Amino acid sequence: MAWVGRKYKLDSSENFDEYMKELGVGLVLRKVGLSVHPTCYLEQRGDVFHYFNESTFKNFELTFKLGEEKEQETADGRKVLTTFTLDGNTLTQVEKCQKNSVIVRVFSETEMVATSTYGDVTATRTYKAV
């Protein structure tokens, strides 16, 4: 797996403000979300996965088992039912809410590209390996 032992720092972001607006995130939190450059990484401990997102503003961790639906709190404070699947180096996260939000993270040795879709809005964020 390309992600094992790697951390990725946000390098570029496309359409993320529109994505957050579509989710209903308020202006102040959107501005903060656009200003931080988090570092992300994925770890596996047995059959449990941990996805970490660390920044100067807020750190959060998602803990999950593949294919198992679980209530999670998103970085912006929404409570959703989330299911993760992993296919090779592609981690897909489906958040059940008013409209499903789908986040597809594709890991490589040099970068991680996260494509987030909610309704008709899609954002792409590219993280470089550090």
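Is the crossing of α1 and α2 right-handed or left-handed? The crossing of α1 and α2 is right-handed, a crossing being right-handed if the near helix is turned clockwise from the far one by less than a right angle, and left-handed if anticlockwise.

## Basis of the description

This is a predicted model, in which local features need pLDDT of at least 70 and side-chain atom pairs count only at pLDDT 80 or more, while totals for chains, interfaces and linings use all residues. Residues are numbered from 1 along each chain as its sequence is written, and side-chain values use heavy atoms, with hydrogens and water left out.

## Overall fold

The chain holds two helices and 10 strands, where helices (H or I, at least four residues) and strands (E, at least two) are DSSP runs numbered from the N terminus. Along the sequence these elements follow the pattern β-α-α-β-β-β-β-β-β-β-β-β. The radius of gyration of the chain is 14 Å, close to the 14 Å that the globule rule gives for 130 residues, so the chain is as compact as a globular protein of that length; the radius is taken over C-alpha atoms, and the rule is 2.2 Å times the number of residues to the power 0.38.

Of the 130 residues, 38% count as buried, that is, under 20% relative accessible area with a 1.4 Å probe and protein chains only.

## The helix pair

The axes of helix α1 (residues 16–23) and helix α2 (residues 27–35) come within 10 Å and cross at roughly 150 degrees; axes are lines fitted to C-alpha atoms, for helices over the stretch in contact, and angles run from 0 to 180 degrees between N-to-C directions. On the α1 side the contact (heavy atoms within 4.5 Å) is made by F16, D17, M20 and K21, and on the α2 side by R30, G33 and L34.

## The sheet

The 10 strands form an open sheet in the order β4-β3-β2-β1-β10-β9-β8-β7-β6-β5, with antiparallel pairing; two strands pair if DSSP finds at least two bridges between them. Its edge strands, β4 (60–64) and β5 (70–73), each pair on one side only, and the twist averages 25 degrees from one strand to the next.

Within this sheet, strand β8 (residues 101–107) and strand β9 (residues 111–118) run antiparallel and are joined by seven bridges, and S101 has Y118 as its bridge partner in β9. Helix α1 lies across β1 (8–14), β8, β9 and β10 (121–129), running at about 130 degrees to β10.

Technical notes. Buried means under 20% relative accessible area, exposed over 50%, partly exposed in between (1.4 Å probe, protein chains only).
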